[in-house]
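Hi everyone, thanks for making time.

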Amino acid sequence: MDCVFCKIASNEISSKKVYEDGQIVAFNDLDPQAPVHVLIIPKKHIQSADQISDNDTNIIGKIFMVASKIAKELRLENGYRIVNNCGEDGGQTVPHLHFHLMGGRKMNWPAG
Ligand code: AMP
Ligand code: ZN
């Protein structure tokens, strides 16, 4: 499958990984929008948050636990933001489900 995040998960494309287990991988965003900007993805190809099925609910919960673990490791004790862009109007540019973990600065709200 010609999917950049599938290729990152399978190491066909290199990335700076900060976490990996059997189901999930997290790596630094290529174009960081905050001092910490990590993308957390399921290794399984799910196109977007709109395509999450009954079989995936476990992994979605796990992704949020992994986010908290990474945030602790990267010393984001003052808080952080987890973002999912879904579909065209949501600003999704890579069609493989991913969660942005951002921190290290004060975030703005509402996010444009
Ligand atoms: P989104 O706009 O929510 O779909 O986010 C896609 C994110 O993937 C953007 O923040 C990009 O900077 C990031 N990105 C795209 N290609 C790569 C890559 N090869 N390695 C790391 N991050 C990437
Ligand atoms: Zn994929």
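Predicted model: local features only at pLDDT ≥ 70, side-chain atom pairs only at ≥ 80, totals over all residues.

Residues are numbered from 1 along each chain as its sequence is written, chains are lettered from A and ligands numbered from 1 in the order in which they are written, and side-chain values use heavy atoms, with hydrogens and water left out.

Back to ligand 1. A polar side-chain atom of Asp29 lies 2.5 Å from one of its oxygen atoms, and an N or O atom in the side chain of His98 is 2.9 Å from an oxygen atom of ligand 1. On its own the ligand exposes 510 Å², and the protein buries 83% of that; these areas come from the Shrake-Rupley method with a 1.4 Å probe, and for residues only the protein chains shown count as cover.

Which elements give two or more residues to the shell around ligand 1? Those are H1 and E2, and H1 gives the most, with three residues. The labels are DSSP runs numbered from the N terminus: helices (H or I) have at least four residues, strands (E) at least two. In total there are 16 residues around the ligand, and the ones that come nearest are Asp29, Asn85, Thr93, His98 and His100. Near here means that one of a residue's heavy atoms lies within 4 Å.

Let's stay with His100, which is in strand E5 (residues 99-103). Is it buried or exposed? His100 is buried, at 11% relative accessible area; buried is under 20%, exposed is over 50%, and partly exposed is in between, with a 1.4 Å probe and protein chains only. Its side chain makes a polar contact with the side chain of His37, at 2.8 Å.

Now the metal. The protein donors of the zinc ion (ligand 2) are Cys3 (SG), Cys6 (SG), His45 (ND1) and His96 (ND1), lying 2.0 to 2.3 Å from it. Donors are N, O and S atoms within 2.8 Å of the metal (3.2 Å for Na, K and Ca), and since water is not among the atoms, sites may look incomplete. Along the chain, the donors follow the spacing C-x2-C-x38-H-x50-H. Cys6 lies in helix H1 (residues 4-9) and His45 in the loop between strand E3 (36-42) and helix H2 (57-73), so the pair ties together parts 39 residues apart in sequence. Cys6 is buried at 17%, while His45 is partly exposed at 29%.

Most residues other than glycine have a negative phi, and most peptide bonds are trans. Asn11 isn't a glycine, yet has a positive phi of about 65°, and Arg75, also not a glycine, has one of about 60°. Asn11 is exposed at 54%, and Arg75 is exposed at 61%. Finally, Trp109 and Pro110 are joined by a cis peptide bond, with omega about 0°.

Key
Polar contact = N/O pair within 3.5 Å; in protein donor to acceptor, adjacent residues only side chain to side chain.
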